[in-house]
Amino acid sequence: MKATIADLTDKARELRVAIVKTLHKSQSGHTGGSLSAIDMVTALYFCRMRHDPANPGWADRDRFVLSKGHAAPAQYVALAEAGYFPEEDLMMLRRLGSHLQGHPDSKSTPGVEVCTGSLGQGLSMANGMALGLRLDQRQSRVYVLLGDGELQEGQVWEAAMAAAHYKIDNLCALVDANALQIDGEVARVMNVMPIAEKFRAFGWHALEIDGHDMGAILAALETAGSIKGMPTVIVANTVKGKGVSFFENKASYHGVPPSDEELPRALECLGCVD
């Protein structure tokens, strides 16, 4: 039986706790974008995607590409919770020799499909995966998560044009639109708005939702699965650092982990005091 909206909402809160603890332990990594994306990641791994932690290479699995690879902690905590590797491994994030590097590494981390981190490339890789699955006549779907700042990369739009041209309808892109990047406001650095309208102009079916409303996320993913003849993008309006009040909407926490002083305060915001 699939998890309820309430179950998934609570799961996302638990994974936020894991993200904060993991980043504090490593004293390195990206806090804001991991926290803004975790609701979508939770919906995918614990409700929508077909995958098997006991058999990561299962041919009929759905694929997930974290194009905004700096948000790797969000994927890692989900993989650990799902059972791809022991949860205690999270405490080795970014350590020399660890299989949990700062950006996803498909060569060392179970459940990671491709290496990402150089922004703008994930959608192109997702296109190739989805086309390959279609050629093999498999029913699997490919999900790719991008950041709104990442949309400043020209390769994203080349890939968007190709996905529409080849009618890749087993592909769903999700945009974590938290409006901030490392240098500040996305609109100031290089405005990418209006995102949904741009994807529609490229030939995509585009949906726009509250990226922290689990019901809205699940409904959008359900709709995406029913669209034929074109790819779907879900533009999720999110809050950078969501869940920890003093991290929220602050570009300064893009790539800064919680300090010793901030950790208990952050956990308290998330309803966890230990």
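Asp-39 is buried, with a relative accessible area of 5% (buried means under 20% relative accessible area, exposed over 50%, and partly exposed in between, for a 1.4 Å probe and protein chains only). The model is predicted, so that local features require pLDDT of at least 70 and side-chain atom pairs count only at pLDDT 80 or more, whereas totals for chains, interfaces and linings use all residues. Residues are numbered from 1 along each chain as its sequence is written, and side-chain values use heavy atoms, with hydrogens and water left out. Asp-39 belongs to helix H2; helices (H or I, at least four residues) and strands (E, at least two) are DSSP runs numbered from the N terminus. Residues up to four places away in sequence being excluded, Asp-39 touches Ala-12, Arg-16, Gly-211, His-212, Met-214 and Ile-217, where contact means heavy atoms within 4.5 Å.

Helix H2 (residues 32-48) packs against helix H3 (residues 72-82) at an angle of about 35°, and their axes are 9 Å apart. Axes are lines fitted to C-alpha atoms, for helices over the stretch in contact, and angles run from 0 to 180 degrees between N-to-C directions. The crossing of H2 and H3 is right-handed; a crossing is right-handed if the near helix is turned clockwise from the far one by less than a right angle, and left-handed if anticlockwise. On the H2 side the contact is made by Ser-34, Ile-38, Val-41, Tyr-45 and Phe-46, and on the H3 side by residues including Pro-73, Ala-74, Val-77, Ala-78 and Glu-81. Helix H1 (residues 5-26) also packs with H3, at an angle of about 115° and with axes 9 Å apart. The crossing of H1 and H3 is likewise right-handed.

The charged end of Lys-11 sits over the ring of Phe-46, 5.1 Å from its centre; the criterion is NZ of Lys or CZ of Arg within 6 Å of the ring centre and within 35 degrees of the ring normal. Arg-265 lies over the face of Phe-246, at 3.9 Å from the ring centre.

Six aromatic pairs are present in the structure. Rings of Phe, Tyr and Trp (its six-membered ring) pair if their centres lie within 6.5 Å, and planes under 30 degrees apart count as stacked, over 60 as edge-to-face and the rest as tilted. The pair of Phe-246 and Phe-247 is edge-to-face, because the planes stand at 65°, with ring centres 4.8 Å apart. The pair of Phe-247 and Tyr-253 is tilted, with planes at 40° and centres 4.4 Å apart. Phe-246 is buried at a relative accessible area of 11%, and Phe-247 is buried at 0%. Tyr-253 is buried as well. Elsewhere, ring pairs link Trp-157, Phe-199, Phe-202 and Trp-204 into a cluster.

The loop between H3 and helix H4 (122-135) contains Gly-102, which counts as buried at 13% relative accessibility. Neighbours within four places in sequence being set aside, Gly-102 is in contact with Gly-69, His-70, Ala-72 and Arg-94. Gly-102 and Arg-61 are 41 residues apart in sequence, with a C-alpha to C-alpha distance of 25 Å. Arg-94, also placed in the loop between H3 and H4, has a positive phi of about 65° although it is not a glycine. At 31% relative accessibility, Arg-94 counts as partly exposed. Asp-105 lies in the loop between H3 and H4 and, neighbours within four places again being left aside, is in contact with Tyr-76, Val-112 and Cys-115. The C-alpha atoms of Asp-105 and Gly-117, twelve residues apart along the chain, are separated by 9.3 Å.

Most residues other than glycine have a negative phi, and most peptide bonds are trans. A positive phi, near 60°, is found for Gln-137, located in the loop between H4 and strand E2 (142-147). Gln-137 counts as exposed, at 71% relative accessibility. The peptide bond from Met-193 to Pro-194 is cis, with omega near 0°, and Pro-194 is placed in the loop between helix H6 (186-190) and helix H7 (195-201).

The structure holds zero disulfides, a disulfide being a pair of cysteine sulfur atoms within 2.5 Å. For Cys-47, the nearest cysteine sulfur is that of Cys-172, 13 Å away. Cys-47 counts as buried at 14% relative accessibility, whereas Cys-115 counts as partly exposed at 38%.
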